[in-house]
Amino acid sequence: MTFSAIPLISPPFLMGNNLNAWSEALAGLTISWFPLGLVIIAAIPLVFIALYALTYGVYGERKISAFMQDRLGPMEVGKWGILQTLADILKLLQKEDIVPTAADKFLFVIGPGILFVGSFLAFAVLPFGPAFIGADLNVGLFYAIGIVALEVVGILAAGWGSNNKWSLYGAVRSVAQIVSYEIPAAIALLCGAMMAGTLSMQQISVLQSGPYGFAHFFLFQSPIAWLPFLIYFIASLAETNRAPFDIPEAESELVAGYFTEYSGMKFAVIFLAEYGSMFMVSAIISIVFLGGWNSPLPNIGALALYDWTTGPVWGAFWIVSKGFFFIFVQMWLRWTLPRLRVDQLMYLCWKVLTPFAFVAFVLTAIWEIYVP
Amino acid sequence: MQELGMAEQGSIRVSRKDNNVVVIEKDLATEEMVLSMGPQHPSTHGVLKLECLTDGEVVTSAEPYLGYLHRCFEKHCEMVDYPGIVPYTDRMDYLAGMNNEWAYCIAVEKLLDIEIPRRVEFIRVIVSELNRIASHLVAIGTYAIDLGAFTPFLFCFRDREHILSLLEWASGARMLYNYIWIGGVAFDLPADFIKRVSEFVDYFRPKAVELCKLLTENEIFVKRTKGIGIMPPDVAINYGWSGPMLRGSGVQWDLRRNDPYSVYPELDFKVPVPDGRFSDIGDCLSRHIVRALEMEESLSIIEQCISKMPGSEGFNPRSAVPKRVRPKAGEVYGRAENPRGELGFYIQSDGKSTRPLRCKARSSCFVNLSAMKDLSRGQLIPDLVAIIGSIDIVLGEVDR
């Protein structure tokens, strides 16, 4: 990192190299042998995610939908209703833990657990900054794609174990949908992996850093990258059962889909898993196509915006805000579009997205081989 | 063979011939499952129960079971006097109370043979057309929610709220008005009511266009409704369909035009029917479009009424209201165009009593719902939801 150009102009305090230096210093802070600074930096995204997943995902969804619909949304608990979700969780905690008598108790109980674990396991390979990643696997991307598939098991266990026809419908639809959409999603991500030449999430992010900010992102590195980007975004909506692909939990057809019979804390766990995987796919798309923790701001001459906004804390900030942006887009779509039908969903997957994903794959390969 | 409402589900192929015969081809026989949809189900619009036989996602037959909301309307009518029945009619189709009251009053007024003041007729047209818009807003909004779009529903309810406030101002109640009385109306319109109604008309016109852009022109919405649940016009007439359902099948039949009552002959309005360019005639999308266009027509009817309405000088809304309703012996059938179709009341009087000997209501959605079994055969479960939504039932009127 170069600081030589900065003294030419004097940026205001807490913008530019001041914050940069501060975050660098924090990263280097150690008390005897204990890397306290790194732990603090690592805690920042985790706190964000925990806050988001536990409360502000649901709150944000309710507020965003309210603003789109000329309503106020939750307003009563706390200022602007910000404590609403906490109140809801407290309420859910107090609920009786009901297992229907006719249900398969083991599957019914284990289902939400598998879902929850499946959606949060992928967080291990998400890099939240140059210094922080849970596990920098050399097959990180592959692991992330694979671990999402674990959710299918949880959904099927929940739907089958409930011993309810609507739950079974929801579970079967969901499994068909997630398994089908994994193909275009995986191929689209492979395009990103091809451009990087590695499957390690941290490496993919590192390869997208450079002084011109967003110009180094894979989305802008090749003229065809928008195609896998779009395909993965659509497929990720289907993988997380979000509208317009929320067919497994279509409330007007299947009551509530695979979690019809769930109540209390098990219901809350399913909900947390859903919001967790929403963030997860948003983070993956940001890492593979939009540079992950890299700052999108370019260096313009002496105005070294990129240098000023790069660092461990900034990294966490960028990836969290990119993730939140995609979550916002997901919510936006959910509150605008009607729901597709099952056969239309499968048509879209097998006859539109998958062929186009292959086309994108071949084109990316050609681009990578013949264009330096 | 024209493939309409096509569904491919593994080894099962469902297709539809031109004459509305559903063909289910199966390579592999599987066991059919009985799926009980309702009475507690989000998309049955109340307490309708559909007992479906399903083969995977394909519904091979769906039988509606009624009566969960049966409140003995017709028996009650034999127990109360004629004006006392008016509030009960509100509770039949609770989304269009004004129109129900009016249909009942038309029947009794025919039996009594009384002359209605001209201003009363205009007031009745205004309030019932407002109520028609409110009712269609609910129909469109809940149809959107059946298909998974939540926002149009709330937009519809936001606009409906304005109508309900207007009607509350006129009658004192938001849904169960008891406003239209035999021979008159309960109260004259409040002083600035007409001004506020024209403000609402100006406000609502762009909102209706916005709703069309958001929902009717939405690609996914069109995909979900076009070609689904097609009802040919001859079958629709044989089933006794009426209202937007029949017009959706391309039959230009509107009681306001074909059997005119009140001041409708003086008013200029179109009877919208689908022309087959945007939708297949008789499908769910046609019925939705008919409702959307009817709201516009209602707005223009209201505007015309405002300009033609006589002033309120020396007007007594109850001048023609009989003190004691005791019709001469006889029977009568009075009908009016409800938002859901033809609502008719058959009343028999013995000439001695102040209570009807018999009062039978011909409910439009009950008749429309009777085609459910035919419409649902061979559809997918999501399409079944789309079809029920397009019928726009109000269980209060189906079960009475």
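Which residues does A:Ala235 touch, not counting residues up to four places away in sequence?

A: In this predicted model, A:Ala235 touches A:Tyr181, A:Pro184, A:Ala185, A:Ala188 and A:Leu353, when residues up to four places away in sequence are left out. A:Ala235 also belongs to the largest nonpolar core, a set of 200 residues, where it is listed among those with the most contacts inside the core, together with A:Ala188, B:Val108, B:Ile126 and B:Leu130. The element that gives the most to this core is helix α11 of chain A, residues 264-289, which supplies 16 residues. Chain B takes part as well: because its domain 1 (7-65) and its domain 2 (73-399) both give residues to the core, the core lies between these two domains.

Turning to where the chains meet, 29 residues of chain B are in contact with 23 residues of chain A. On the side of chain B that touches chain A, the elements giving two or more residues include α4 (118-146) and α5 (151-171) of chain B, and the residues of that side divide into 17 nonpolar, six polar and six charged.

Within chain B, the C-alpha centres of domain 1 and domain 2 lie 31 Å apart, while 20 residues of domain 1 of chain B are in contact with 20 residues of domain 2 of chain B. On the domain 1 side of this contact, β6 of chain B gives the most, with seven residues, and the residues of that side divide into 10 nonpolar, eight polar and two charged.

Methods:
Residues numbered from 1 in each chain as written. Chains lettered and ligands numbered in written order. Predicted model: local features only at pLDDT ≥ 70, side-chain atom pairs only at ≥ 80, totals over all residues. Core = buried A, V, L, I, M, F, W, Y, C linked by C-beta atoms within 7 Å. Buried ≥ 20, exposed ≤ 12 C-beta atoms within 10 Å, placed from the backbone. Helix = DSSP H or I, 4+ residues; strand = E, 2+ residues; numbered from the N terminus. Domains from an automatic or database assignment. Contact = placed C-beta atoms within 7 Å. Nonpolar A, V, L, I, M, F, W, Y, C, P; charged D, E, K, R; others polar.
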